[in-house]
Amino acid sequence: MNEFLGRGILLEAKQCEFPDNVISRFTGLEETTIRGLREQYGIAAEYKMVDTCAAEFKAKTPYYYSVYGDKNEVEDEAKEKITDRKKILVLGSGPIRIGQGIEFDYCSVHATWAFSKAGYETIIINNNPETVSTDFDIADKLYFEPLTPEDVQNVVNIEHPDYAVVQFGGQTAIKLTADLTKMGVPILGTDAKDVDAAEDREIFDEVLQKCGIKRAAGATVFTAEEAKKVANKLGYPVLVRPSYVLGGQGMQIALNDEEIEQFMAVINRYTQEHPILIDKYLMGTETEVDAVCDGENIVIPGVMEHIERSGVHSGDSISVYPARTLSKHVKETIAYYTKRLAEELHVIGLINVQFIAMGEEVYIIEANPRSSRTVPYISKVTGIPIVDLAAQCMMGKKLTDLGYTPGLQPEADYYAIKMPVFSTEKVRGAEVAVGPEMKSTGECLGISKSFDEALYKAFLGAGVNLPKYKQMIITVKDSDKGEIIDIARRYEKLGYIIYSTRRTADTLRENGIAVRQVNRISQESPTVMDLLLGHKIDLVIDTPTQGRDKNRDGFLIRRTAIETGVYCITSLDTARALVSSLEHAAETSQNLEIVDIAKI
């Protein structure tokens, strides 16, 4: 394209506020060329203030958005408010996927308050309108801008911040650590090279070896051929996951070469800057901790345990605090491993570490030197304000000076259960079954001194209000048939009428459980589909076979269940947890104790 024509289009597009990627698509120019032309012709980002007063009188809210080739209202505002306070730039999470914003919003807001209280001028960059961090009165200044290197650079050029904070905005913010360092902005908290050490497989393996921490065998790959070679060497099943992702995006459990090819094709639709991880899949109890580190000491509010076994994303698992089935040795090992990792990665601020416990052995899954989705949960149920503590550690304070004894904190005398909430009925054609990639869109909390009562409260909070008709459908894959027997027997004792397809029905009948056999969808009536469309079913337990064929009976049963308002469970661990809570409710006549979370 002619350079002068390109310049003219560029000027027009910038004045119409189109971002570089859109201009690139319409002009055919590379984004790097567009940036070069913009710099060459002095087309720089200017910032206008959002008019929160509807033009009735002059707005004073420091809430900005970028335009090109216009008057810069940030400079006008700066002249009126000259301050000698040091500036801290806080990066938010950006417009990330459904269900994955509230934890980073909570952390960004509480950290901003902590820095403001300490006397800093706070500046937030975030463009997620659903968040509290984009309320104009949270920070001294808010830039409603995309979290890309270019847009962050534009704000840095205007504000010249003294420091930047990235660990409260999740993976989106963490990815900008190296870019901010190149911009000359010092990072408060964990250094960029230590963030990379947690994400880079080879470096992280060296860290684990130095710390004496076990992990599942695995390797890094870029192509499907490399992935198949590694998977066959490790032995199936294997966990396939990209680096630097949030919510397990693109993560899958593969059982054969065909699935490896399928998953790698999906991941490699976009160019991968970082390698893809292939790990041996371990079946065990998944646990996690959030910790605060000051460079010397560490405070761990508590160990959380997932009810669903490993292979279900932590955001989709029922999480229990304090951990109920882990031995004292396992908890102490988790605390020790977390401390060693924090020391070796030179963490200052927050770190989230996920483990698998297999008997008395503990294996690490991953470590994230940033905030996580469990931070608001563990902060509220333990009363330890870990975001505020992390911010103060970044400012040079020590945990002992803040009144905390280092190490794993004493456990509470009550159970707090985090229950995921799903909205898959609103997403047409979405798979209901839980797995390594996160699907939940929210969560709720059940608290009680009794584990079963806390569990019952959590299910109620998630909208699971059973029983209504005391009729249910059970159809499970062959490998789950032995485990479903005890679960089905317990539902039967609660008075449930159980319907099953032939092979599941045979298993239950052989073990003395009354079951009514029903035909598969493709067979003659009465079928499973007839039962669901009759609106007399309370519950479906359906564990999926591996495979991505949406024409399979299992997929159609799960979709029809949720679309007709029937609670559908795809994990036997969840099914067992639900029946335990229903048994407790039946024994106690649902006399629930009210707990004030502010007083626990």
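The accessible surface of this protein is about 26,700 Å², and carbon and sulfur atoms hold 50% of that area; such areas come from the Shrake-Rupley method with a 1.4 Å probe, and for residues only the protein chains shown count as cover. This is a predicted model, in which local features need pLDDT of at least 70 and side-chain atom pairs count only at pLDDT 80 or more, while totals for chains, interfaces and linings use all residues. Residues are numbered from 1 along each chain as its sequence is written, and side-chain values use heavy atoms, with hydrogens and water left out.

The protein has 21 helices and 25 strands, taken as DSSP runs numbered from the N terminus (helices: H or I, at least four residues; strands: E, at least two). Of its 600 residues, 54% are buried, that is, under 20% relative accessible area with a 1.4 Å probe, protein chains only.

Now to the helix pair. The axes of α17 (residues 481-493) and α18 (residues 502-510) come within 10 Å and cross at roughly 60 degrees; axes are lines fitted to C-alpha atoms, for helices over the stretch in contact, and angles run from 0 to 180 degrees between N-to-C directions. Contact, meaning heavy atoms within 4.5 Å, involves K481, I484, I485 and A488 of α17 and R503, T504, T507 and L508 of α18.

Finally, D151 lies in helix α6 (residues 149-159). D151 is buried, at 12% relative accessible area. Beyond its neighbours within four places in sequence, D151 contacts Y47, E145 and P146.

Technical notes
Buried < 20%, exposed > 50% of the residue type's maximum accessible area, 1.4 Å probe, protein only.
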